[in-house]
Amino acid sequence: MKRPWPALLLLGVTNCALAQQTLVIGSKRFTESYILGEVALQTARAAGAQAEHKQGMGNTGILFAAIKSGSIDLYPDYTGTVARELLESEASDLESLNRGLQSLGLGVAVPLGFEDTYALAMLDSEAQRLGVKSISDLAGQAQLRFGLSHEFLNRNDGWPGLVRTYALPQAPSGLDHGLAYEALAARQIDVMDIYSTDAKIAKYKLRVLLDDRHFFPEYEAVLVYRLDVPQRFPQAWAALQKLQGRISADRMVAMNAAAELDGKGFGEIAASFLASPGSSSAGSGGKASFWSLLFGDDFWRLTRQHLVLVFASLAAAILAGIPLGVWAARTPVAAQPVLASVGLIQTVPSLALLAFLIPVLGTIGTWPALVALFLYSLLPIVRNTYSGLTDIAPPLRESARALGLPAGARLRLVELPLAARSILGGIKTSAVINVGTATIAAFIGAGGYGERITTGLALNDNAMLLAGAVPAAALALLVHALFELLDQSLIPAGLR
Amino acid sequence: MLALDNVSKSFGAKLALASTSLVPTRGRTTVLLGPSGCGKSTLLRLMVGLVSPDAGRVLFDGVELAPASIDAIRHRIGYVIQEGGLFPHLDARANVTLLARYLGREAAWIDARVGELCGLMRIPADALARYPGQLSGGERQRVALMRALMLDPALLLLDEPLAALDAMTRRELQTELKEIFARLAKTVVLVTHDLHEAAWFGDEIVLMREGRIVQRGSLDDLLARPADGFVTQFVHAQRADPRLAVAA
């Protein structure tokens, strides 16, 4: 297990060094972040910079780790998030944020012109009829039925604070967010909580009520960047600064809707925004079908990436896992520590392991994904090598010794062949599990079929999700069949 | 040849072998006989270094068995256990030739030797292409003996080699093996719990009980001059078995 680490680290670092001339933009795993990432990418490229966009890398924690380590140079975020989650402070004005981030070599800049915060919304027609424009106006409408998400009902910056600030008389009921839109449209509720740039605002013709007493914290969209970006990419940075104040909340809602409701690509949405920042990007073009998505242009690239992730990590796990299993089988004091450690790795959730590996390896993408898959592959291989060897009947082991074969020859000529079925079984298990686990790698920009799954999740697009999940499942079956064939040729005939 | 010099062995708190000395007679068959748990297998395993003595020494041609010397000594000892100990992943021929191939013997020499042993052990050549799982119990023991004899060892150690066979096959192999041992003039040490088998093979019988040698001698010695009551008891318990009428 020790040997591959330095090599992987070295390669990871080299990878970073080579990437220095490219402006690397990250984004979080939801529609709005994907779109803003694309907007930044195309803006930088239009200014002549070499740039790339690592889409949907993960949650705030992963993005923050990536930008601190220099794996990415900038990503879109929100002032309230930076303050609360990253700096753990309440002050969310740009000046305070920049003071807090400076020591990390980071800053926030380019307020894009809209906020994505909690808000209350009603059907526009209903609001017009009642003359409700702001949250204050709700105080006089005690008959209105509130259907609020459970999270909103319990957050300090949600209902408990809101009801104090505005002295609202209504008693809300808890409701799943996904159902609330339908309930509102069917007039089973009158008021719901939303994110202010929700794609469905336009679709359901909602009115977002004005927060006239400024209760909701500010979640102003900004760019978080490494402080060396303006100097390393002066032209791109100048162009990015011109995005300041250019994206209105309505425009963001329209762009989110173009992705989530019309199934348009993020790149296309960003391009049409940059071409005409003033107009709405609503247009024709429904969602693509499952079949056209399945064998889309990216199919072979994703397949290749997925295969590399699965088999490169598997090869490393075989090279490290079999010797580890042999060592554990031969050294009784080592057996339990070795088996317990590889077992322990298995209990670390994959996203947590990936997030942990990013700062360790100093990079995102393929390398941390490979290392994580390698670590997960170890258990079945080490365990089956160990049990395959220790399960050999003692008389057979003694016969080999009594023949006068030295330890190495016994291992090679007798013990490993006798354990072959078990060892191959472990490798097969690792390979099949790897195919599934490798889909997670897309969360940190390592590609593979998971890219479609993460996009599908972000867009709530089942066809896209299936276009990633189905080939992953098919690949798992294929790998399984392949190993069944390998069994035929690798397991000695006398053992079958 | 082989000499055990005051060797003793315990497994945990259990004494398996009290201090014992033994030199099997060159060119003859020595049988280690006794009830299960008497230490006869431990004694045999000490001879091939599968067990190390707590005290005393095991010498082969004057060289003490030790990690550095053991493999070379084992190449001069043939060892066969109850179920043969054939490796299931290798066919019979590969089992027989494994050590010779590992030691880099020439293919022509190996072929000739295998041919010789096939004749000696009366194994049809096509049986050698089969895996141990496809052989009968008797065939397996013949192949195991071929493997043990492959490098023409100076010493042959057999641990209950016929115990797992049916009566018919067993009788047949007993007859054949006695002939073969006589023809090869090998020094043989054979472990059995069966008085009949001991009498059949043994130029000398070493009767053991609870980790000690009780008496050494021919069957006649054991019958005529029992060292103690146990010898009489052991001998008569088995002679009462009607199947032994032939042997007596």
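Select strand S3 of chain A and show its side chains: Leu74(A), Pro76(A) and Tyr78(A) on one side are buried, and so are Tyr75(A) and Asp77(A) on the other, which covers both faces of S3(A). Buried here means that 20 or more other C-beta atoms lie within 10 Å of the residue's own; exposed means 12 or fewer, partly exposed is in between, and C-beta atoms are placed from the backbone. Strands (E, at least two residues) and helices (H or I, at least four) are DSSP runs, numbered from the N terminus.

Before moving on, note that this is a predicted model, in which local features need pLDDT of at least 70, side-chain atom pairs count only at pLDDT 80 or more, and totals for chains, interfaces and linings use all residues. Residues are numbered from 1 along each chain as its sequence is written, while chains are lettered from A and ligands numbered from 1 in the order in which they are written.

**Stop 1: around S3(A)**

Stay on residues 74–78 of chain A. Strand S3 is largely enclosed by the rest of the structure, because 5 of its 5 residues are buried. In a regular strand the side chains alternate between the two faces of the sheet.

Two strands count as paired if DSSP finds at least two bridges between them. Pick Pro76(A): its bridge partner in S10(A) is Leu223(A).

**Stop 2: the open sheet of chain A**

Next, display S7-S6-S8-S5-S9 of chain A. That is the order of 5 strands in an open sheet with mixed pairing. Colour the edges: strand S7 (173–174) and strand S9 (206–208) of chain A each pair on one side only.

Zoom in on strand S5, residues 118–123 of chain A. It runs antiparallel to S9(A), with 3 bridges between the two. Met122(A) has Arg207(A) as its bridge partner in S9(A).

**Stop 3: two crossing helices**

Select residues 299–330 and 366–390 of chain A. These are helices H16 and H19; their axes come within 6 Å and cross at roughly 35 degrees. Axes are lines fitted to C-alpha atoms, for helices over the stretch in contact, and angles run from 0 to 180 degrees between N-to-C directions.

H16(A) passes H19(A) in a right-handed crossing. Right-handed means that the near helix is turned clockwise from the far one by less than a right angle, left-handed that it is turned anticlockwise.

Colour the contact of H16(A) with H19(A) by class: 21 nonpolar residues, 6 polar and no charged. Ala, Val, Leu, Ile, Met, Phe, Trp, Tyr, Cys and Pro count as nonpolar, Asp, Glu, Lys and Arg as charged, and the others, Gly among them, as polar.

**Stop 4**

Where is Ser289(A)? Look in the loop between helix H14 (266–275) and helix H15 (290–294) of chain A. Ser289(A) is exposed, because 11 other C-beta atoms lie within 10 Å.

Colour by pLDDT, the predictor's confidence in each residue from 0 to 100. Chain A averages 86, and 92% of its residues score at least 70. Residues 280–286 of chain A stay under 50. So do residues 1–20 of chain A, for which the model has 20 contacts beyond four places in sequence. Two residues are in contact if their C-beta atoms, placed from the backbone, lie within 7 Å.

**Stop 5: chain B**

Switch to chain B, which has 9 helices and 10 strands. Of its 248 residues, 44% are buried.

Select strand S1, residues 2–11 of chain B. It pairs antiparallel with strand S2 (residues 14–22) over 5 bridges. S1(B) and S2(B) form a hairpin with 2 residues between them, and Gly12(B) in the turn has a positive phi of about 60 degrees. S1(B) is also joined by 5 bridges to strand S4 (residues 55–60) of chain B, again antiparallel. Click Leu4(B): Leu22(B) is its bridge partner in S2(B), and Val58(B) stands opposite in S4(B).

**Stop 6: where the chains meet**

Show both chains. The contact takes 19 residues from chain A and 20 from chain B. On the chain B side, helix H2 (70–74) and helix H3 (92–102) are the elements that give two or more residues. H3(B) gives the most, with 3 residues. By class, the chain B side has 12 nonpolar, 4 polar and 4 charged residues.
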